[in-house]
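Subject: Structure for your files, with notes

Hello,

Here is the structure I said I would pass on. Please open it alongside the notes that come after it.

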Amino acid sequence: MSNTAVKEVKLKKAKKSSKAKMYNRGAWMYALPAFIPLVLLSVVPLSQAVWTAFTDSVAGFNVKVSFIGFENFRRLAGDTLFWQSFRIGIIWAFSVTFLALFLGFGLALLLNQKLRFLGLMRVLSLVPWAMPPVIVAIMWNLLLRPQSGPIEGLFTFLHIPGAKTDWLGDFNTAFPTVILIGAWVGMPVITVSILAALQGIPTEMVEAAVIDGANAWQRFRYITVPAVRAITSALVALNIIWNFSSFGLVFVLTAGGPGGKTFVPALFAYNEAFKYGNFGYAASMGVVMALAIVGMLAIYLKASKREDTQR
Amino acid sequence: MSTASKKVTTNLSATPIEKKKRKYYLIPTYMAVVFYILFLGFPFIWMLSTSFKSPYELLQLKHSIIPDGLYWQNYTDIIEKRGLINSAKNSLVIALLTAGLTTLFTVPAAYAIARLRKIFSGIATGWILISQVFPVSLVIIPLFMAVRRLGLLDSIWGLVLVYLVASLPFSLWMLKGYVTSIPVDLEEAGAMDGASSFQILRRIVFPLLVPGIVATALFTFLNSWNEFFFALVLIQNPDNETLPLTLARFMGSEGQVLLGPLAAGAFLATIPSLVIFGVMQRKLASGLLAGAVKG
């Protein structure tokens, strides 16, 4: 191709793109119908929530609300019950996330192989995701009942001690049991995401590694792990956020009991607001939780970044 | 060259020793498979089995998976006596309205975010992520007050409004991924041929986006069908209850005694989810990732 021809093509291309660009000039207007409600009912309430945290707002109509500065936070700082629940929330968020990650990663590895029952497993792996939290609670309640539950039956049959345990009602077992169920619920998203990353690994790469004499562990360590690293850290971050502020499952399973053993902070704030009507105080708890999440995320992101640069 | 590739193939087809090794490998692997199948599937099977057991059988405390007979009365009982039909109707109306409105709002917006200049889409994506960080318990208080001010407390419409807002960010996120996967060249070609911006959206982008829209709408439908917490806070009148609320109330009050009807109701409430997930299993997964990876 001669030089002039190249130039001509380039010119044509430039012309085309400039004309083509024109058409989506007004595209921002398309965003309006979605952004108006989003702003009105998400940006405004959020700012309002933060503001409420600095007031003495309580439930009920026509109650005078006044600004009280950091009073709620001062009171919160000395609220040992809240901090106890805060600790439970952190343990809950991390245990559920890492247990779900462990189980989901294992399942994804299995699903990525050529095995029998693969179809069945693939469908089952999504079941917890399809279940509403209320149904999950009902299901596990049926399973774990100390009287008629099959777990009790199995334990009795195998002569394992503790068959008569009331798993969700016992002081020692309630929290671990709820964590296990939380992980059961959290597994599918993790499994599916990691499986997608695993399926993105080129088969030639694995074959080449086999030819070069890499054993299973080495293949896992130097091919699989790097392939899922990015998605895994994103999943961990997201799950910690979700779990820390979620309480639907705990609410229906144990309602915070027994003896406050499963009293996650979101549930604490919910009770404060809708049981006792202290909107302002409850909002300050929400703010503290949001700050905690941002803090945890910052630490986590920093740590995973450092790990990346060291590599 | 040809000898080299031959060597590779012989190396790859496992030698007898390696095959033996593989078999040996399979024992723990299949133990894991059995574990996962039981862990994931058994709770559901048990619920299904309980839903067919008669009160008499449940009292006998024998732990068999297969019920003595099919005791359909659990189903008729929960449907006829517990107002399940009414709450199912509420749930259906709310979920359909939410899915429809969300789609209507997010399709153009997702297009705009995906195709507009980097700064704008960066802000939008940033906000979507930020909105995920805030605990629901923080947002619920002002939302409750806002819905009350609008006079929509304890009504289906209030719930639809809240669900709409709650599902916008994620729906945008998912759809944006689908839009990004449509080549811009197609739209540019349309523009070259003199199509207007709206025509491009309507004639070129929309048809290609249909599978993504269906996936997103179904996902939104499911989320509102399953939602419990907002409904708990915003709905008081039993006539306006959604399915999860009715079941939760039933579990709390009488469910301790009436396990059969409880299991039956729970199973019925899961059917839409199971159908949607069964049909869409691949689509949902890839849709979720579309937003995450291509964003």
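Predicted model: local features only at pLDDT ≥ 70, side-chain atom pairs only at ≥ 80, totals over all residues.

Interface

Chain B brings 88 residues to the contact and chain A brings 95. Together the two chains bury about 8,400 Å², and 80% of that area comes from carbon and sulfur atoms. On the chain B side, B:Tyr36, B:Phe39 and B:Leu40 account for 8% of what chain B buries against chain A, more than any other three residues. The element that gives the most to this side of chain B is helix α2 (residues 16-50), with 18 residues. Sorted by class, the side of chain B that touches chain A is made up of 70 nonpolar, 12 polar and six charged residues.

Polar pairing across the interface can be listed briefly. There are four residue pairs in polar contact between chain B and chain A, with both partners at pLDDT 80 or more. The number of salt bridges across the interface is zero.

Aromatic pairs

Over all chains, the structure has 32 aromatic pairs. One of them joins A:Phe82 and A:Phe86: the ring centres are 6.0 Å apart and the planes meet at 45°, so this pair is tilted. Both residues sit in helix α4 (residues 80-111) of chain A, four residues apart, or about one turn of the helix. A:Phe82 has 0% relative accessibility and counts as buried. A:Phe86 also counts as buried, at 13%.

In chain B, B:Phe42 and B:Trp46 make a tilted pair, with 6.0 Å from centre to centre and 35° between the planes. These two are separated by about one helical turn because they lie four residues apart in helix α2 of chain B. B:Trp46 has a relative accessible area of 4%, which is under the 20% limit for buried.

A:Met285

A:Met285 belongs to helix α14 (residues 279-310) of chain A and is buried, with a relative accessible area of 0%. Which residues does A:Met285 contact, leaving aside its neighbours within four places in sequence? They are A:Leu76, A:Phe82, A:Phe268, A:Ala269 and A:Glu272. A:Phe82 is the residue already described as paired with A:Phe86. A:Glu272 is 13 residues from A:Met285 in sequence, and the two C-alpha atoms are 9.3 Å apart in space.

Salt bridges

The count over all chains is two salt bridges. In chain A, A:Glu71 pairs with A:Arg74, with 3.2 Å between the closest N and O atoms. Both residues lie in helix α3 (residues 71-77) of chain A, three residues apart, about one turn of the helix. A:Glu71 is partly exposed at 36% relative accessible area, whereas A:Arg74 counts as exposed at 58%.

The other salt bridge is in chain B, where the side chains of B:Arg249 and B:Glu241 meet at 2.8 Å, N to O. B:Arg249 is partly exposed, at 46%, while B:Glu241 is buried, at 7%.

Regards

Technical notes: Residues numbered from 1 in each chain as written. Chains lettered and ligands numbered in written order. Heavy atoms only, no water. Contact = heavy atoms within 4.5 Å. Buried area = accessible area lost by both parts, 1.4 Å probe. Salt bridge = Lys/Arg side-chain N within 4 Å of Asp/Glu carboxyl O. Polar contact = N/O pair within 3.5 Å; in protein donor to acceptor, adjacent residues only side chain to side chain. Nonpolar A, V, L, I, M, F, W, Y, C, P; charged D, E, K, R; others polar. Phe/Tyr/Trp six-rings, centres within 6.5 Å; stacked < 30°, edge-to-face > 60°. Buried < 20%, exposed > 50% of the residue type's maximum accessible area, 1.4 Å probe, protein only.
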